[in-house]
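Dear colleague,

I am handing over the structure we spoke about, and below it you will find what came out of the analysis. Please read the notes with the model open beside them.

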Amino acid sequence: MSSQSEIEIREFDNGDTAAFVALNRRWIEEHFEEADADRALFADPHGMIVRKGGSIFMACENGRAVGTGALVPAHNAPADGRDWWEIIKMATDPTAQGKGVGQRVIHSLIERARQNGADALWLETNDALSAAVRLYERVGFRRLSPEECWPTPYDRCNLQLVLEL
């Protein structure tokens, strides 16, 4: 069995597009339906994320992508004077679940957000993704009340969380 130390977290490059899309498309299609916003992002993740100042991290085990996550300037951020960033498209291959992949990716994203000067992080998910929700809460995210929620392009989103940095 592989250990967590054999998982490498690295920056995305254009050769990772197919793996990034496949990792995310798997969980979306397993639980939901792909949205127009997903299709737009999957068509050009480098352009839609990296070129706009964001970051994508890839988790690799023995050279194979087994996880990913991205960080972007938050859309529809509240006008509260903070520098909000958003974590999007977190995914772990089922064969790598339980190896700390998601935890290592999210810690890399949080550290990058701090380097970018972020004051707070926001993400949206669905409470049916219980392992993901547990991960987010373990690293300090708190659930927003319905009154605090931001607009979202995703019908599948029924839970939003924030982390103050």
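A residue is called buried when its relative accessible area is under 20%, exposed when that area is over 50%, and partly exposed in between, with a 1.4 Å probe and protein chains only. This is a predicted model, in which local features need a pLDDT of at least 70 and side-chain atom pairs count only at pLDDT 80 or more, while totals for chains, interfaces and linings use all residues. Residues are numbered from 1 along each chain as its sequence is written, and side-chain values use heavy atoms, with hydrogens and water left out.

First, the chain as a whole. Its secondary structure comes to 5 helices and 7 strands (DSSP runs numbered from the N terminus, helices being H or I with at least four residues and strands E with at least two), and along the sequence these follow the pattern β-α-α-α-β-β-β-α-β-α-β-β. The radius of gyration, taken over C-alpha atoms, is 15 Å, which agrees with the value near 15 Å for a compact globule of 165 residues (the globule rule being 2.2 Å times the number of residues to the power 0.38). Of the 165 residues, 48% count as buried.

Asp16 is found in the loop between strand E1 (7–11) and helix H1 (17–31), and it counts as buried because its relative accessibility is 7%. Leaving out residues up to four places away in sequence, Asp16 touches Arg10, Glu11 and Met58, where contact means heavy atoms within 4.5 Å.

Asp38 lies in helix H2 (residues 36–43) and is buried, since its relative accessible area is 0%. Its side chain makes a polar contact of 2.8 Å with the side chain of Lys89 and another of 2.8 Å with that of Arg156; a polar contact is a pair of N or O atoms within 3.5 Å, of which, within protein, one must be able to donate a hydrogen and the other to accept it, and residues adjacent in sequence count only if both atoms are side-chain atoms. Beyond four places in sequence, the contacts of Asp38 also include Ile28, Glu33 and Tyr154.

Thr68, placed in strand E3 (residues 64–73), counts as buried because its relative accessibility is 0%. A polar atom of the Thr68 side chain lies 2.9 Å from the backbone oxygen of Phe57, and among the residues that Thr68 touches, not counting those up to four places away in sequence, are Met58 and Lys89.
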